[in-house]
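The stops below run from the whole chain down to single residues.

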Amino acid sequence: KDSHCAYTMTTTRPRKNLLLLSVAALALLSTTPLLTYAQDAATADIVEDDVTDLGDVIGDAMGDITEGLDEEVVDLDDAAAASVEESSESEEVTAVDDATATADETTTTAESTAEATTDEQTQPQAEEEEEATPPPAQTGPFIDLFGEVLLSLEMVDETHAQVHQHYTNEVLSGKKVVGLYFSADWCGPCRQFTPDLVNFYDKMNARRGKKDEFEIIWVSRCRDVDSFGQYFTHMKWLALPPQEAMGQRGQYLGEKFKVKSIPTLVLLDEIGNVITLDGRNKIPMDKAGVGFPWRSPMSVLVSTLFPRSFRLLLKSQIAGVLEKAKAVLGGATRGGGAAAR
């Protein structure tokens, strides 16, 4: 009985303990949902509060954003309006500038047209004035000998030249010695002597104290104008116009200065008196020009004692007397011839 009773006692206690554990587990299990529910409820409240707060925050933020957008829209509207105004003002200014530029161009065009019209009107007037202006009246011994116009030639390049006209008294003003050079292109001795004469001409005009006091006038013996122009390019001095040189004036000068052959160089003083008729032979004998212009002792004395104006007056008086004498002699000759018949 004791062993059995003892065994029975031992097996009963574990069952009691197991029952207690089961009750505790049930209680614990029943408690866990309650705790979970309580936690869920609390979390729901917190979330609801958070959601409410977040809604408020979002609402406030949306309000601020809306206000900012409204302000930006207003600012953009103002900026757009201002831009439109500036564009309008710019367009107005541009339009004004364009109008001003157009007006300036119109004014400039009008002025240019007026100037061109004035120039066109003035040019014929100037040409008419030039045509109407008579050449200056020229008198003196050189006008009697050479006429009123002399020519010079300027080389433009190696193959082109330009001829200039000069009034005789102007171009010979200040010249102490004037040479008359009778020469032609077809003459061999002339072509040989012309380069020597060019060198001598340059040398005499470069002398100290006597610079540019020597001038030469070419009296052409060429057969035509083309030959005249080609041969003139080899010279540095003046020339009679070809129609004058190959006409009556050239013949008159040849007879007056007793030209028998060419080349011939006649030297005259400043009033047209003859210094020498043989300059052609003087130059080869005195290439340095030591005795140039080879005056006679009497000529040197006269030019030293009497000024140019007095010598010119004396020459004109003597020329007048000689003309009267020739007229008287001519009349007497004609009268004697009539009486003889």
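A residue is called buried when its relative accessible area is under 20%, exposed when it is over 50%, and partly exposed in between, using a 1.4 Å probe and protein chains only. The model is predicted: local features need pLDDT of at least 70, side-chain atom pairs count only at pLDDT 80 or more, and totals for chains, interfaces and linings use all residues. Residues are numbered from 1 along each chain as its sequence is written, and side-chain values use heavy atoms, with hydrogens and water left out.

**Whole chain**

Switch to a cartoon view. Expect 10 helices and 7 strands. These are DSSP runs, numbered from the N terminus: helices are H or I with at least four residues, strands are E with at least two. Contact here means heavy atoms within 4.5 Å. Among contacts between residues at least 6 apart in sequence, 63% join residues at least 24 apart.

Select Gln 138. This residue sits in the loop between α1 (2-132) and α2. Its relative accessible area is 10%, so Gln 138 is buried. Now look for a polar contact, a pair of N or O atoms within 3.5 Å; within protein, one must be able to donate a hydrogen and the other to accept it, and residues adjacent in sequence count only if both atoms are side-chain atoms. A polar atom of the Gln 138 side chain lies 3.0 Å from the backbone nitrogen of Asn 169. Leave out residues up to four places away in sequence, and Gln 138 touches Ile 143, Glu 148, Tyr 167, Thr 168 and Asn 169.

**A hairpin**

Next, select 149-155 and 161-167. These are strands β1 and β2, and they pair in the antiparallel sense over 7 bridges. Two strands pair if DSSP finds at least two bridges between them. Together β1 and β2 form a hairpin, with 5 residues between them. Pick Met 155: its bridge partner in β2 is Ala 161.

Move to β3 (177-183). How many of the residues of β3 are buried? The count is 7 of the 7, so β3 is largely enclosed by the rest of the structure. In a regular strand the side chains alternate between the two faces of the sheet. Show the side chains here. Val 177, Gly 179, Tyr 181 and Ser 183 point one way from β3, while Val 178, Leu 180 and Phe 182 point the other way. Leu 180 has Ile 217 of β4 as its bridge partner.

**The core**

A nonpolar core is a set of buried Ala, Val, Leu, Ile, Met, Phe, Trp, Tyr and Cys residues joined through side-chain atoms within 4.5 Å. The largest one has 48 residues. Select Phe 146, Tyr 181 and Trp 218, which have the most contacts inside this core. Elements giving two or more residues to the core include α2 (141-146), β1, β3, β4 (214-220) and α5 (225-232). α4 provides the largest share, 7 residues.

**The end of α4**

Select Asn 205, in helix α4 (residues 188-205). Is Asn 205 buried or exposed? Asn 205 is buried, with a relative accessible area of 8%. Its side chain reaches the backbone nitrogen of Phe 214 at 3.0 Å. Beyond neighbours within four places in sequence, Asn 205 is in contact with Lys 210, Lys 211, Asp 212, Glu 213 and Phe 214.

Click on Asp 212 from that list. Asp 212 lies in the loop between α4 and β4. Its phi is near 60°, a positive value in a residue other than glycine. Asp 212 is partly exposed, at 41% relative accessible area.

**Two cis bonds**

Jump to Ile 262 and Pro 263. A cis peptide bond joins them, with omega about 0°. Pro 263 is in the loop between α7 (248-256) and β6.

Then select Phe 292 and Pro 293. They too are joined by a cis peptide bond, with omega about 10°. Pro 293 lies in the loop between α8 (279-285) and α9 (297-305). Stay in that loop for Trp 294. Trp 294 has a positive phi of about 60° although it is not a glycine. Trp 294 is buried, with a relative accessible area of 14%.
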